[in-house]
Amino acid sequence: MLSIRRGSENNVTHALETESLTKAYRRRTALSECTIGVPAGRVVGLVGPNGSGKSTLLNIAAGVLSASSGSVRVFGEAPASSRTQLERVGFLAQDTPVYSRFSVADHLRFAQHTNPRWDSSVARSRIDQLGLDTHQRAGQLSGGQRAQLALTLAIAKQPELLLLDEPVASLDPLARREFLQILMETVVEREMSVLLSSHLVGDVERVCDYLIVLVASRVQIAGDVEELLASHHRLIGPRSATIPDGQVVVDSSFTDRVSTLLVRSDGPLTDARWTVESVGLEDLVLAYMGRGRRSGAGSDPEDVS
């Protein structure tokens, strides 16, 4: 897992903030009353089931969509409110958009003309590292190569906030690994804030140091990944045992004789009848996703940031 922390943890600033953000269409609501905070200087994983509003949120933050109601601020300003604001944000949409009839070189020239902060040396270095033929059309590239080209364009723009919407969902395991490796290298070199939407928890665990679980537009939990894992445990004990003090149950399952609880620990466990096990990130995420669905995502979020 990548860990990059900048700035004071006691005075957290946000790269992206929303308050009761809603996007409604005639027949459906894609995002409803979403309140979220993305800390600056972190690599943030945004995880949730399909339909939870992740893509809509990212498109609004990038200025591609406008909100129906509520507020959204990127570095304290409305998205796409000025040319300067546009320059501060890089966005890689879910389908890693590139122009199929453009060559790799065409993409680089076009991006250079449309992005004032464009860094040609970074773009060329990445293209050389990837071994892409600059004369080849994007439509002739593999899915992994197109994704890497799109990431190169987003990085060379030199954004302060990079928004990535399911960037590796359609890639094979090797292409996904290569994509994430270049992303990690870039974050270290460029010190940018990143918001990565994904349903692949393993990828989130590998590159993100901060997690937000979103279910039906509501934040179920948000916080530093290491702190979340340290404060959650699996308890296994007799069916007759009462829930220990200082343990908040997130998920539970039972047999005739055994209780299994996934808990957030607000205090030490002193009851010897319970066996304590560590919890992986995937189990933690699934527990909060299930909790959000059972409650209709209407419960108060758990924020341990």
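Visitor: Why is F110 called partly exposed?

Guide: Its relative accessible area is 41%. Buried means under 20%, exposed over 50%, and partly exposed lies in between, with a 1.4 Å probe and protein chains only. F110 therefore falls in the middle class. The model is predicted: local features need pLDDT of at least 70, side-chain atom pairs count only at pLDDT 80 or more, and totals for chains, interfaces and linings use all residues. Residues are numbered from 1 along each chain as its sequence is written, and side-chain values use heavy atoms, without hydrogens or water.

Visitor: Which class do Y99 and F102 belong to?

Guide: Y99 has 48% relative accessible area, so Y99 is partly exposed. F102, at 30%, is partly exposed as well.

Visitor: How many aromatic pairs are there, and what makes Y99 and F110 edge-to-face?

Guide: There are 3 aromatic pairs. The Y99 and F110 ring centres are 6.1 Å apart and their planes stand at 80°. Rings of Phe, Tyr and Trp (its six-membered ring) pair with centres within 6.5 Å; planes under 30 degrees apart are stacked, over 60 edge-to-face, the rest tilted. Both values pass, so the pair is edge-to-face.

Visitor: What does that pair tie together?

Guide: Y99 is in the loop between β5 (89–92) and α3 (104–114), and F110 is in helix α3, so the pair joins parts 11 residues apart in sequence. Helices (H or I, at least four residues) and strands (E, at least two) are DSSP runs, numbered from the N terminus. F102 pairs with F110 too: 6.3 Å between centres, 75° between planes, edge-to-face.

Visitor: What makes β11 and β13 edge strands?

Guide: Take the sheet: 4 strands, open, in the order β11-β12-β10-β13, with antiparallel pairing. β11 (247–254) and β13 (275–278) each pair on one side only. From one strand to the next, the twist averages 30°.

Visitor: How do you know that β11 and β12 pair?

Guide: DSSP must find at least two bridges between two strands. β11 and β12 (residues 258–265) have 7, in the antiparallel sense. Contact means heavy atoms within 4.5 Å.

Visitor: How many bridges join β10 to β12 and to β13?

Guide: β10 and β12 are antiparallel over 7 bridges, with I236 opposite T260 in β12. Antiparallel β10 and β13 share 4; R234 has E277 in β13 as bridge partner.

Visitor: Is S231 buried or exposed?

Guide: Buried: its relative accessible area is 17%. S231 sits in helix α8 (residues 225–231). Leaving out residues up to four places away in sequence, S231 touches V263, R264 and S265.

Notes
Axes are lines fitted to C-alpha atoms, for helices over the stretch in contact, and angles run from 0 to 180 degrees between N-to-C directions.
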